[in-house]
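Keep the model open beside you and look up each residue as we get to it.

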Amino acid sequence: MEENPTLESEAWGSSREWLAPREARGGPSLSSVLNELPSAATLRYRDPGVLPWGALEEEEEDGGRSRKAFTEVTQTELQDPHPSRELPWPMQARRAHRQRNASRDQVVYGSGTKTDRWARLLRRSKEKTKEGLRSLQPWAWTLKRIGGQFGAGTESYFSLLRFLLLLNVLASVLMACMTLLPTWLGGAPPGPPGPDISSPCGSYNPHSQGLVTFATQLFNLLSGEGYLEWSPLFYGFYPPRPRLAVTYLCWAFAVGLICLLLILHRSVSGLKQTLLAESEALTSYSHRVFSAWDFGLCGDVHVRLRQRIILYELKVELEETVVRRQAAVRTLGQQARVWLVRVLLNLLVVALLGAAFYGVYWATGCTVELQEMPLVQELPLLKLGVNYLPSIFIAGVNFVLPPVFKLIAPLEGYTRSRQIVFILLRTVFLRLASLVVLLFSLWNQITCGGDSEAEDCKTCGYNYKQLPCWETVLGQEMYKLLLFDLLTVLAVALLIQFPRKLLCGLCPGALGRLAGTQEFQVPDEVLGLIYAQTVVWVGSFFCPLLPLLNTVKFLLLFYLKKLTLFSTCSPAARTFRASAANFFFPLVLLLGLAISSVPLLYSIFLIPPSKLCGPFRGQSSIWAQIPESISSLPETTQNFLFFLGTQAFAVPLLLISSILMAYTVALANSYGRLISELKRQRETAQNKVFLARRAVALTSTKPAL
């Protein structure tokens, strides 16, 4: 809000009156008034030795007493116990602070109690550990460069990619230690069951008979059949050993728990940034201008990158402020028209999603029937296309509908950050729901539509005629989805993005304008990552090497996207708030983890395992191996483990958890009320009244300067 210049000049007086000597003015000094202003606090960002406002003038009048007093304050500031890196000072002042603290610690290190010495040692070890972990983060400089040139929103994509790469590396290491290593330490795994073995659940022979052609080998590589079907890549390869079965199941639960904890940690840290950025009181231009600069930067490259980052943040603030102002001045009729448009557009989105889901269900159901046709069996290329029919249809839907969602979002009248959220919600629902429809279709085939009394499922509890090893078939579907997603990314980059860049550069006329400059589409790329990771979570139990394959894929994807970004893309014309991405992206990732856990838990507890393959063959369910293994433990251990599953343990645990939760909620509410009260006090006019009174006192004296 603009202030009246006349009132302002009357309150503060003319500029000549401020130059009067102190004795003529009377009242409080100019230095004391200016030092009580909020802007005086910004001096601490310069140096602990910078003189306050008006100190030079008073030094001449007071005989140097103010400088002596300020020197004492400076020495006190240099003895600040906080770490040097947390102080808002230049590098030279930080070095002096660190050297002073180091010499002081050497003097007093021998003094003090043993507890104090251990506390100092623990604090230093913690700081060194944090510095070491921070230095181990890969691609730190690359992410800074991307953020400075293309904005923090694009940087958030690569940060999420690095985080997912960490999850896959951890899952691969656990898989090697808990699955592959026990398999080979227990002896050479047996081969597949021969065709002459009689079983009530039929026969299972994954190996091809006779001479295998190159086309068949290539087909097996792309579909996961043939020589890959009976390999450590899939579930059916692992032998039925009790200890291996337990470690195999524990590996799946350990990976899920680690991913859940890491995603929650990332979501909480992103939530803090989101609350800080979305708060109208904290998100201000003065905060960006006066507090966003890093005075420790050295070199022109780092300075330019920081300038670009601040520029993008200010652009986001300005764009969203314009949209909010337009929404604030809408009339009732305009509001009704906007909401009518939003309702119609959402109905269109629902219709498109319904058509896409029906298409995925149809493609999955027709795959088995098409594979049995003689023409498909004779032509390997056609057979490969039929096997990839669900993956092709899902990829086609995910390629066509997200651009439609991007065209719809600006018509709804939301801010740029809100548009990104809606595009992400619709796209993630499309991708994850397509995967859910695929899994539902496979569940229909495995369990005969949930009818355990059906002819094909009555004997073994699953459709053993079409799917003798249904776990491997499910793993093959996830393997094909992962592989086809990688091939799609490569094809789009090599056949669309790079040729489009060449066409735009070589043809400056109408054809070049038609090609246009490319922008890095953050929502689509992020949803591609989350979709790929969800596929890995679903299929990792049935295809144990899938996290390792996804690690290699994400490494290739990082360098390919980096090359594409710097070679073919330009900075986005419209930016969005990165804090929303830092919270919303892990939240969608958490949704993908929750969706992937449903089919996995259902398979573990309810669907009978295959009788001819896998480490759980012969069991009524996969989970049945755990009680059987517990029964072989000593009686004391058995009683303790069974006690953990009784009501005598569950009820007190539930009560304690409820009490802790209620205490946490009450504490959060009290903090919220305190924050609201502090905000209310800050918004009052007490500070303005105080400054006005001081201004009146200073300008009340009549002598002119």
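## Some ground rules

A residue is called buried when its relative accessible area is under 20%, exposed when it is over 50%, and partly exposed in between, using a 1.4 Å probe and protein chains only. Helices (H or I, at least four residues) and strands (E, at least two) are DSSP runs, numbered from the N terminus.

This is a predicted model, so local features need pLDDT of at least 70 and side-chain atom pairs count only at pLDDT 80 or more, while totals for chains, interfaces and linings use all residues. Residues are numbered from 1 along each chain as its sequence is written, and side-chain values use heavy atoms, with hydrogens and water left out.

## The whole chain

The chain holds 27 helices and two strands. Of its 705 residues, 38% are buried. Contact here means heavy atoms within 4.5 Å. Take the contacts between residues at least 6 apart in sequence: 73% of them join residues at least 24 apart.

## One face of H10

Which residues of helix H10 are buried? In this helix, residues 214-223, they are Phe-219, Asn-220 and Ser-223. Looking down the axis of H10, you'd find these buried residues within an arc of 100° (taken from the directions from the helix axis to the C-beta atoms), so they line one face of the helix. An α-helix has 3.6 residues a turn, so residues three or four places apart point the same way.

## Into H8

Trp-139 sits in the loop between helix H7 (114-135) and H8. Its phi is positive, near 60°, even though the residue isn't glycine. Most residues other than glycine have a negative phi. Trp-139 also counts as buried, at 17% relative accessibility.

## H8 against H9

Helix H8 (residues 140-150) packs on helix H9 (residues 152-185) at an angle of about 155°, with the axes 7 Å apart. Those axes are lines fitted to C-alpha atoms, for helices over the stretch in contact, and angles run from 0 to 180 degrees between N-to-C directions.

On the H8 side, the contact includes Leu-143, Ile-146 and Phe-150, and on the H9 side Thr-154, Phe-158 and Arg-162 are among the partners. By class, the residues of this contact are six nonpolar, three polar and three charged. Nonpolar covers Ala, Val, Leu, Ile, Met, Phe, Trp, Tyr, Cys and Pro, charged covers Asp, Glu, Lys and Arg, and the others, Gly among them, are polar.

## H8 against H22

H8 also packs on helix H22 (residues 546-568), this time at about 30° with the axes 12 Å apart. The two are therefore roughly parallel. Here Thr-142, Leu-143, Arg-145, Ile-146, Gln-149 and Phe-150 of H8 meet Phe-558, Lys-562, Leu-565 and Phe-566 of H22.

Is Thr-142 buried or exposed? Thr-142 is buried, with a relative accessible area of 12%. Not counting residues up to four places away in sequence, Thr-142 touches Phe-558 and Lys-562.

Over in H22, Leu-565 is buried at 0% relative accessibility. Leaving aside neighbours within four places in sequence, Leu-565 is in contact with Ile-146, Phe-150, Thr-154, Phe-158 and Phe-520. Leu-565 and Glu-519 are 46 residues apart in sequence, yet 8.4 Å apart in space, C-alpha to C-alpha.

Notes. Parallel < 35°, antiparallel > 145°, perpendicular 65-115°, else oblique.
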